[in-house]
Every structure is written in C-alpha cells, then in structure tokens.
Amino acid sequence: MTHVLVKKTKNNRYAGFSCIGHAGYADSGYDIVCSAVSILVINTINAMELFAKEKMEVTAGEEDGVIDVVFINPVNEKTQLLMDTMILGLESIEKQYGRKYLKLKFKEV
C-alpha cells in the first residue's frame with residue numbers, strides 16, 4: 001500500500017509531504033495505481049522546481065518507494081496550486097481504487 005502524508009501549517013500552507021510504499025495493486029511493472037501515484041508526485045515536484053522556483057529538500061529511494069519533500073520557505077501561490085492539483089489527483093485515485101492501495105492523510109505541523 002502507498003501512504004501519502006501531506007503536512008500543512010496552521011495557516012493552511014503546505015510544509016511538505018511524504019509518499020511511502022508500493023501500492024500492491026498488481027505485479028511490478030503492471031501496477032497502474034503505483035504508476036499513477038508516482039507520475040503525479042514526480043511531475044508535481046518537477047513543476048514546483050521548474051515553474052514555481054520552489055526551494056525544497058527532496059529525498060527519494062526507489063527500492064522502498066519513498067519520496068519525502070520538505071519546503072524550505074513558506075510556499076508561493078504557484079506551489080500551493082500545484083500541491084492542490086496533486087492532491088486532487090491522489091484523492092481521485094484513492095476513491096477509484098480504494099484505501100487498500102492508497103491512503104492519503106493530512107497532518108498539521
């Protein structure tokens with residue numbers, strides 16, 4: 001199962017997120033849930049870097065399916081929108097395939 005934990009501040013701004021694990025929907029190379037989550041997460045990170053010029057620390061480990069993102073500064077409006085968009089996609093995957101494969105959680109930090 002893939003767990004995504006989104007961290008937000010008290011004033012509802014994003015502080016970072018973690019994505020851990022493999023969905024387990026199908027065998028490696030055929031797992032459309034894992035692939036969809038990976039594409040959303042990696043594309044969002046790339047877009048935040050390229051288009052929003054966001055400063056962040058990114059840690060990734062392909063073997064164990066870990067991606068951890070920590071924003072260095074309060075996020076700008078572009079990053080806020082990109083994160084909202086990523087979450088919309090993750091919520092759609094979670095709704096369509098079930099919490100057996102993807103769990104999306106939020107934490108105030």
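**Overall layout**

Analyst: The protein chain has two helices and five strands, where helices (H or I, at least four residues) and strands (E, at least two) are DSSP runs, numbered from the N terminus. This is a predicted model, in which local features need pLDDT of at least 70 and side-chain atom pairs count only at pLDDT 80 or more, while totals for chains, interfaces and linings use all residues. Residues are numbered from 1 along each chain as its sequence is written, and side-chain values use heavy atoms, with hydrogens and water left out.

User: In what order do the elements of the protein chain run from the N terminus on?

Analyst: The order is β-β-α-β-β-α-β. The radius of gyration of the protein chain is 13 Å, close to the 13 Å that the globule rule gives for 109 residues, so the chain is as compact as a globular protein of that length. That radius is taken over C-alpha atoms, and the globule rule is 2.2 Å times the number of residues to the power 0.38. Along its principal axes, the C-alpha trace spans about 40 × 25 × 20 Å.

User: And what share of the 109 residues is buried?

Analyst: Buried residues make up 38% of the 109 residues in the protein chain; buried means under 20% relative accessible area, exposed over 50%, and partly exposed in between, with a 1.4 Å probe and protein chains only.

User: OK, the sheet next. What is the order of its strands?

Analyst: The five strands form an open sheet in the order β3-β4-β2-β1-β5, with mixed pairing; two strands count as paired if DSSP finds at least two bridges between them. β3 (56-61) and β5 stand at the edges with a single partner strand each, so one side of each is left without a neighbour in the sheet. Ignoring direction, neighbouring strands of this sheet are turned by 10° against each other on average; such angles use axes that are lines fitted to C-alpha atoms, for helices over the stretch in contact, and run from 0 to 180 degrees between N-to-C directions.

User: What holds strands of a sheet together in general?

Analyst: Strands of a sheet pair through backbone hydrogen bonds, either parallel or antiparallel.

User: Is β2 mostly enclosed or open, and why?

Analyst: Five of the seven residues of β2 are buried, so this strand is largely enclosed by the rest of the structure.

User: Which strands does α2 touch?

Analyst: α2 packs on the sheet and touches β1, β2, β4 and β5, and its direction makes about 140° with that of β5; contact here means heavy atoms within 4.5 Å.

User: Changing topic: how many aromatic pairs are there?

Analyst: A search of the whole structure finds two aromatic pairs. Rings of Phe, Tyr and Trp (its six-membered ring) pair if their centres lie within 6.5 Å, and planes under 30 degrees apart count as stacked, over 60 as edge-to-face and the rest as tilted. Y25 and Y97 form an edge-to-face pair, 5.2 Å centre to centre with 80° between the planes. Y25 lies in the loop between β2 (14-20) and α1 (32-50) and Y97 in helix α2 (residues 77-97), so this pair ties together parts that are 72 residues apart in sequence.

User: And the other pair?

Analyst: The rings of Y25 and Y101 have their centres 5.0 Å apart and their planes at 80°, so that pair is edge-to-face. Y101 lies in the loop between α2 and β5 (102-108), 76 residues from Y25. Y25, Y97 and Y101 together form one aromatic cluster.

User: Are those tyrosines buried or partly exposed?

Analyst: Y25 counts as partly exposed at 36% relative accessibility, and Y97 counts as partly exposed at 26%, whereas Y101 is buried, with a relative accessible area of 15%.
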